[in-house]
Amino acid sequence: MEIAARGLVKVFPAPALSGGVPLAALDGVCLEARPGVAGVEGPNGSGKTTLLKALAGVLETDAGEVLADGIPAGAGRLRELAAYCPANPRSFYFRLSAAENLRFFGALAGLDAGTAAARAAGLAERLGLQAAELSRRFDRLSEGNMQKISLIRAFSRRAQVLLLDEPFRGLDAASTESLLGLIEEAGRYSAVLLSSHSPQLLRRAAGRVLTMRGGRVTGEAA
Amino acid sequence: MSAARAVAAFVRRDFLQERSYRLSFSLGAAATLANLAVFYFIGRLFGGELAPGLKPYGTDYFPYVFVSLAFFGYIGTGAGSYSGRLRQEQTQGTLEAALSTPLGTPSFLAALTAWNFLFATFELAVYALAGVFLFGLRFPAADWPAAALAFLLSAACFAALGIISSCFVMLFKRGNPLAWVLNNFEGLLGGVYFPVTVLPGWLLAVSRLLPVTYAVRAFQLAVNGGAGVRAIGGDLLKLAAFDLVLLPASVWLFGLSVRRARRTGTLGEY
């Protein structure tokens, strides 16, 4: 699967009567990604998260288009193709166990309960998450383990496009190494895009790194 | 993904969440019974003689209000639960995550409140058991097929109103004028606590614009008055007309409001 963005523009309107000004988050972003790993770096507010959300079909852009294998893909199609791991783990049901959360989101992504559980167990082992942690209520997990559950949710879809926003956030050294391995493996069958504020990790994970500033891709390094 | 799989996933999730709040469930059931008891004693205080407005229904006050509350409790689930659930998803931060999946709008809507309808069915059964065994109610004249038809048409209509109401939550997060109308005026103008014939003329005219008026009247006439499908055909047709317009409109409007939230980047906001 090759995913290509052509001239993506996203302007967030200011809330009505707020006196604020619209926020231009993406200003004509163009990029291409095929199976492999690409990194996205840039200062805070440069548009990394907005770009990943637009490619995931979570956001709809104001202009430009995304092509999947050369065919224009709307937000609905992108949600079928892409798995997205947000930077913030506050996207789970806190009173359910981690395993139940993964079963629920797996079902929404089309996975049956057995497949979701098997993939969750395998990924948990890879990320150094003990089985007991999977049965623990989500709000009783540590920050790092919440991040691992968020990563498992995205990886377990085995989507053709994998979008990881700050995936190393909160992980210990061993888990970071395991995640680097998982990203490399995913890159064999998926187009993986990940953002990070760690230049070292980004370069270890990604074969090429795009730099964003002011809502534009301003550079690319292999 | 299939709507059935989404419904099953949401029901399981909501059951597990509700189970984690055990006290809330027991208090809710106790409140329902206390509410019924209030109307039971009002009925005993006034009896049937002071209620000429109830003559068409062939019953006295307590059976009338009991049937209304049981019926309105269920169809009100449709009116209130969509916006409630959506708001809950927003504040938990899970709405954006759920809508980041391939789940389509109709499946999402079918699944979002499936648990509420399941629970409302259980409450309806509790109402029925309490009515029969605790308060000694009997409905010998009831035309159950006609009542079932009125029930289905009404439930669909109120679910559509609930979906439209949830569009306000999707777009504005807080401040829901339709929910305000549904919560504050449906009971007053729809004949839930008393027949609308006791309202003054100008309020009666307003009540004729509301589907709840036809819903409650048709159901009451079928259950308490023994009216058949033909006898309540006018009300059923009006409910069907409301359904025909409101159901597709509600799904379309909800899709539009989700799209708007995706465009403004407010899907994850609360």
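Where is the place of A:Phe168 in chain A? The views below answer this and other points for a predicted model.

**View 1. A:Phe168 in its loop.** A:Phe168 sits in the loop between strand E7 (161–165) and helix H7 (173–189) of chain A. A:Phe168 has 20 other C-beta atoms within 10 Å, so the residue is buried. Beyond its neighbours within four places in sequence, A:Phe168 is in contact with A:Thr176, A:Leu179, A:Ser196, A:Ser198 and A:Leu201. A:Leu194 is 26 residues from A:Phe168 in sequence. C-alpha to C-alpha, A:Phe168 and A:Leu194 are 9.9 Å apart.

View 2. Most residues other than glycine have a negative phi. A:Glu166 has a positive phi, near 50°. A:Glu166 lies in the loop between E7 and H7 of chain A. A:Asp69 is found in the loop between strand E4 (63–68) and strand E5 (71–72) of chain A. With 12 other C-beta atoms within 10 Å, A:Asp69 is exposed.

**View 3. Packing of H3(A) with H6(A).** Helix H3 (residues 98–108) and helix H6 (residues 143–155) of chain A pack at an angle of about 25°. Their axes are 10 Å apart. The angle is under 35 degrees, so H3(A) is roughly parallel to H6(A). The crossing is right-handed. H3(A) brings A:Ala98, A:Asn101, A:Leu102 and A:Phe105 to the contact. H6(A) brings A:Ile149, A:Ile152 and A:Arg153. By class, these residues are 5 nonpolar, 1 polar and 1 charged.

**View 4. Packing of H3(B) with H6(B).** Helix H3 (residues 61–92) and helix H6 (residues 114–134) of chain B pack at an angle of about 165°, with axes 10 Å apart. The angle is over 145, so H3(B) is roughly antiparallel to H6(B). H3(B) and H6(B) make a right-handed crossing. From H3(B), the contact takes B:Phe66, B:Ala70, B:Gly73, B:Tyr74, B:Thr77, B:Ser81 and B:Arg85. From H6(B) come B:Asn116, B:Phe117, B:Ala120, B:Glu123, B:Leu124, B:Tyr127 and B:Gly131.

**View 5. Helix H11(B) from end to end.** H11(B) has 32 residues. At 1.5 Å a residue, H11(B) should span 46 Å, and its end C-alpha atoms are 46 Å apart, which agrees. The buried residues of H11(B) include B:Asp235, B:Leu239, B:Phe242, B:Leu246, B:Phe254, B:Val258 and B:Arg262. Among the elements that cover the buried residues of H11(B) are helix H5 (105–112), helix H7 (144–172) and helix H10 (211–223) of chain B. Helix H2 (75–81) of chain A is also part of this cover. Just after H11(B), B:Gly265 takes a positive phi of about 75°.

**View 6. The contact between chains A and B.** The contact takes 23 residues from chain A and 24 residues from chain B. On the chain B side, helix H1 (3–19), helix H4 (95–98) and helix H11 (233–264) each supply at least two residues. H1(B) gives the largest share of that side, 6 residues. The chain B side divides into 9 nonpolar, 9 polar and 6 charged residues.

Methods. Residues are numbered from 1 along each chain as its sequence is written. Chains are lettered from A and ligands numbered from 1 in the order in which they are written. This is a predicted model: local features need pLDDT of at least 70, side-chain atom pairs count only at pLDDT 80 or more; totals for chains, interfaces and linings use all residues. Two residues are in contact if their C-beta atoms, placed from the backbone, lie within 7 Å. Helices (H or I, at least four residues) and strands (E, at least two) are DSSP runs, numbered from the N terminus. Ala, Val, Leu, Ile, Met, Phe, Trp, Tyr, Cys and Pro count as nonpolar, Asp, Glu, Lys and Arg as charged, and the others, Gly among them, as polar. The expected span of a helix is 1.5 Å times one less than its number of residues. Axes are lines fitted to C-alpha atoms, for helices over the stretch in contact, and angles run from 0 to 180 degrees between N-to-C directions. Angles under 35 degrees count as roughly parallel, over 145 as roughly antiparallel, 65 to 115 as roughly perpendicular and the rest as oblique. A crossing is left-handed if the near helix is turned anticlockwise from the far one by less than a right angle, and right-handed if clockwise.
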